[in-house]
Each structure stands twice: as structure tokens, then as C-alpha cells.
Amino acid sequence: MEQSRRLFLKTMLMASSTATIDWTGFGALAAQVDKKKNFPVVVIGAGLGGLVSAAYLSKYGFDVTLIEQHSVPGGYATSFDRGDFTFDVSLHATVAEHAMPQMILSDLGVWDKLKIAYTPELRRIVTPEFDLTLPARDPEGVKKVLSEQFPHEKKGIYNFYGEMEQVIAELWQGKRFAFSMMDKLEKLSLELWISEHVKDPDVKYCMAIFSGYYGVAPSKINALFYAIATGEYLVLGGQYYKARSQDLSDTLALAIEERQGKILYNTTADQILFDEKKSVKGVKDSQGTIFPAKAIIANCSVPLLFNRLIPQNIVPKSYTKKIRQRNTSLSSFVVFLGLNQELSHITDYEIDVSFGTNRYDSSLSSQKVLDQSDIGVTIYDNLFKGYSGPGKTTMTIMTLADYEPWKKFEADYFNNDKEAYNNEKERIAQNFIKRIEKMLIPGLFDMIEVMEIGTPLTNKFYTNNPGGAIYGFDRDMEQLNAKTPVKGLYLASAWSHGGGYTPVMMGGREAAAMMLKEFKS
């Protein structure tokens with residue numbers, strides 16, 4: 001358990017401190033590999049992890065072929081058009097500027113081609129009992145707003161966020177304190193950490209509001225992980241890739257192709273091929289085309305990789321057991337709405353809406369009955385001017401969702417018999433809209449020009465992720481190493497490095513670097 005915690009801490013340190021990365025090391029490794037064209041690499045999947053891996057390898061002259069089952073790059077970092085509206089599939093906010101993504105993208109020579117927008121607030125939280133907005137990039141303001149709403153918990157509020165700020169000071173600024181907050185939180189769950197400071201369930205709910213970003217309930221999420229990840233939002237502010245997350249993915253794809261890397265869309269990996277020494281030698285696609293490879297970087301789901309693409313006699317039984325013991329993360333249910341008017345009475349971007357009275361105990365966990373779940377509203381036009389066309393609004397209503405209730409529709413869905421499935425998703429979407437009409441946007445139904453609904457089955461269809469998972473495996477599990485026990489096979493996805501834009505981009509860089517070390521030897 002101690003070893004697992006130390007690996008976790010190392011990963012989090014890397015994720016949040018660019019000082020831990022040797023930014024000259026990748027080029028040095030690449031320079032030690034002679035005749036790079038003799039080392040062809042196949043990357044399976046054009047999610048952010050796969051794109052970053054391929055971008056690094058193509059930058060340094062390797063023969064890279066990236067195969068992607070979809071018609072566009074990005075995985076969840078994509079967008080789609082409906083009528084006059086362009087919807088972002090996944091991105092609400094991330095931390096890129098002054099953080100690890102900027103360092104990676106700068107290293108790849110593409111950062112200057114991207115634009116970033118900052119969220120106007122940290123979060124707005126709406127419940128039947130209170131409605132408050134936490135300010136962006138203002139830790140003292142966050143403490144003040146919460147303390148004014150919950151004066152009886154003022155001391156605990158200030159202490160909790162003070163400890164979060166100390167973690168950031170220890171990590172980013174290298175400050176040393178008599179007592180290390182990082183050492184303390186490494187051993188706690190978020191629930192235990194919060195409970196040290198406050199008792200009021202509503203205050204706990206507000207403090208844990210970012211748990212939904214990470215897909216894990218407060219009782220399971222590590223306190224240090226939460227302090228670092230949420231501390232970045234608290235101090236640096238939430239950020240968004242303009243004009244959509246698709247721009248990030250397209251920019252990386254263009255960099256690969258400009259450096260003579262190949263990207264093959266609408267191409268599905270069917271089998272990984274091995275030589276007599278059980279080393280990878282290529283990938284065969286669903287049409288029978290074989291792509292030779294000295295190494296393969298898998299940006300696809302790990303269960304798909306080891307259950308379908310690789311013969312069982314290739315993988316050590318202990319590793320197979322390790323994979324099968326893991327649980328997949330939650331999925332999502334999203335209602336994408338294009339409105340025929342502007343929402344001038346609301347200036348907030350991300351809004352959490354809770355309907356019950358026992359919200360801390362019931363929120364931020366899987367809701368199999370989505371009619372009863374808390375939901376998040378994102379109004380994209382409050383992010384930057386011109387997000388939608390004149391007189392229009394782009395917004396989403398979403399919640400985390402368990403795959404189990406959708407299993408009964410699975411066979412019919414994939415046989416294109418969707419009547420019962422469509423009825424159910426429409427019913428839930430209508431319920432969501434009614435609840436948002438009551439709590440936040442009166443008359444919302446009459447404003448709707450375009451509506452699209454994404455479910456766990458939608459996610460599974462487009463990504464091949466078991467259970468339509470949006471974070472890979474559950475975050476309460478130790479991360480997988482980028483280097484697998486299968487010779488020549490590396491992992492670079494949410495399934496190995498954890499969900500979210502930053503972890504998968506780091507995973508892409510790490511997998512490519514590990515591969516180069518093997519090539520060098």
C-alpha cells in the first residue's frame with residue numbers, strides 16, 4: 001500500500017510541477033537511436049494520449065502511423081455540428097496555461113497556435129436552500145463567499161482552503177513548512193480531510209464540488225489528488241481551448257502530418273501481431289491491412305486491448321488478473337441544447353444544480369435513476385463572446401451516469417433498433433429540462449432550437465470504451481505503468497494514466513519516452 005501511495009505521489013508531482021520534467025531528455029533519447037526509419041511505430045487511437053505520442057515521435061523523425069476508428073481526431077476532445085450549433089463533446093474546463101499541458105504543447109511547437117479562454121467563475125452552486133458563486137482565481141474570495149453563507153463553519157472553511165493553498169505552495173513554489181501538508185493528505189480520503197474541518201453537509205458538498213470532475217465520490221478520492229487538482233483551479237482558474245477542444249486535437253494532428261507522420265481515419269485495429277519471440281511486429285486492421293511495427297502505443301481501452309487484440313498466451317497471467325480486477329469508471333448522460341435566444345439574465349459559465357436535501361451523501365456518485373440525480377449546467381456563451389451565432393446560446397445539461405441501466409438497450413442499440421432506447425433518453429432529457437426550468441432558466445423548453453442527447457451507449461459507440469467509461473478505470477485504483485510486460489507494447493490513455501486532458505497528455509509523452517529508451521538499448 002505504501003509503494004502504491006508513493007507511486008501515486010510521484011505521478012501527481014509530475015502532473016503539477018514542470019520542474020520535475022527533463023525537457024531536453026526526449027531529444028537526447030531520440031538522438032541516440034540511429035536509422036530511425038528502421039523503427040516503425042503504430043499508435044492505436046487518436047485521443048489526446050495517442051496524438052501526443054505520435055507528435056513527439058514524428059517530431060524526432062520516426063516512422064509513425066496513427067490509426068483511428070473515428071473520422072476525426074481527439075477521442076473525447078472533439079466537437080460535432082447540429083444545425084447552427086457546434087457542441088463540445090467533453091470539455092468544460094481544464095488547467096493548461098502555466099501548467100503541464102502548456103509545457104508539453106510548447107515542447108511540441110504547437111502552443112502558440114492555440115488560444116485559451118478563462119472561466120468567469122470557479123463555480124456557481126444552486127440548491128433549494130442557497131445560491132452562491134465562487135470567484136475565479138481568488139482563494140480568499142472563495143473563503144469569504146462560503147463563510148458568509150455558512151458563518152458557523154468559517155474557521156473550518158478557512159483552514160481547509162488554507163491547507164489546499166499550502167499544498168500548492170509546497171509543490172509549485174518549493175516552500176518548506178514545519179509540517180508537510182502533502183505528507184498528511186497523501187494518507188487521507190477527501191471525506192476524512194473535509195470532516196476534520198467542517199460538520200455541515202452543505203459545506204461539505206461545496207468543498208467537494210469538484211469531485212464530479214474526477215468521477216469519484218469523496219469517500220474514495222485521495223485527499224492529496226483533490227488538493228492538487230482542485231488547487232490548480234482555485235489558484236490558476238479554469239481554462240478552455242478555443243474555439244472548441246477539437247482545435248487542440250486538430251492542431252496536434254496537423255503537427256504529426258506536417259512532420260511526415262501518417263494518420264489513418266475510419267481504420268479499426270483488429271489484431272496485434274507478434275513474432276516468434278513474442279515481441280510485437282505489427283497491427284492488422286479490420287480490412288486485413290498489416291502495418292509493421294517495432295513498437296505499438298495503445299491509446300485505446302485497456303480491456304479492449306488485452307481481451308480482443310492480443311492472444312491470451314502472450315500476456316502474463318498475473319498481468320491479465322491485474323487488469324480484470326479493475327472496475328471501469330462512470331459514464332455520462334448529456335443533453336446538448338442550442339437555444340434560439342441569448343440568456344442575458346445569467347452570466348455564469350458552470351453551474352451545479354442540486355435538488356435534494358441530503359445532497360452531500362447522494363451527490364457525486366453513480367445515479368442509476370437519473371431522474372433523481374444532481375446535474376451540471378454549462379452555458380458556453382458566457383465563456384467568450386461569439387461562441388454561438390448572434391442571438392443564440394449553446395449549453396449542456398449533464399450528470400455522471402452508471403452503465404447498468406442502459407445494458408438492456410445494448411443489443412438493440414448496436415443492431416440499430418433504437419425505439420425503446422430513444423424513448424428512455426428522451427424521457428430523462430425532458431425531466432432534466434423541466435428541473436432546470438424550475439430552478440434556473442424559466443421557459444427553457446420554448447427556447448430550444450436544437451437538442452442532441454448523449455448516453456453511456458453513445459460513449460461506447462464512439463470510443464469502444466467498456467461501459468461508455470469517460471475516465472478509463474476508476475481513479476481509486478493504482479495507475480498502470482506505460483510500459484507493459486508485452487515486449488514492444490506501451491499504454492497512453494485514461495485507462496493507464498487516469499482520465500482528464502492533462503493526465504492523458506502526460507501519458508502520451510511518457511509512453512513515447514519509454515519506447516525510445518527501449519529502442520536505444
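Helix 6 (residues 154-172) and helix 11 (residues 223-236) pack at an angle of about 90°, and their axes lie 9 Å apart. Helices (H or I, at least four residues) and strands (E, at least two) are DSSP runs numbered from the N terminus; axes are lines fitted to C-alpha atoms, for helices over the stretch in contact, and angles run from 0 to 180 degrees between N-to-C directions. The two helices, helix 6 and helix 11, are therefore roughly perpendicular to each other (65 to 115 degrees; under 35 counts as roughly parallel, over 145 as roughly antiparallel, the rest as oblique). Contact (heavy atoms within 4.5 Å) involves, among others, Tyr161, Met164 and Trp172 of helix 6 and Leu224, Ile228 and Leu236 of helix 11. The residues of this contact divide into 13 nonpolar, two polar and two charged, where Ala, Val, Leu, Ile, Met, Phe, Trp, Tyr, Cys and Pro count as nonpolar, Asp, Glu, Lys and Arg as charged, and the others, Gly among them, as polar.

The model is predicted: local features need pLDDT of at least 70 and side-chain atom pairs count only at pLDDT 80 or more, while totals for chains, interfaces and linings use all residues. Residues are numbered from 1 along each chain as its sequence is written, and side-chain values use heavy atoms, with hydrogens and water left out.

Beyond four places in sequence, Tyr241 touches residues including Leu91, Thr94, Trp111, Leu248 and Met505. Thr94 lies in the loop between strand 4 (85-88) and helix 4 (100-107). At 7% relative accessibility, Thr94 counts as buried (under 20% relative accessible area; exposed is over 50%, partly exposed in between; 1.4 Å probe, protein chains only). Its contacts outside four places in sequence include Tyr233, Gln239, Tyr241 and Thr502.

Leu264 is found in strand 9 (residues 262-264) and is partly exposed, with a relative accessible area of 29%. With residues up to four places away not counted, Leu264 touches Thr65, Leu66, Ile67, Glu68 and Phe291.

Zero disulfides (pairs of cysteine sulfur atoms within 2.5 Å) are found in the whole structure. Cys206, at 1% relative accessibility, counts as buried, and Cys300 counts as buried at 12%.
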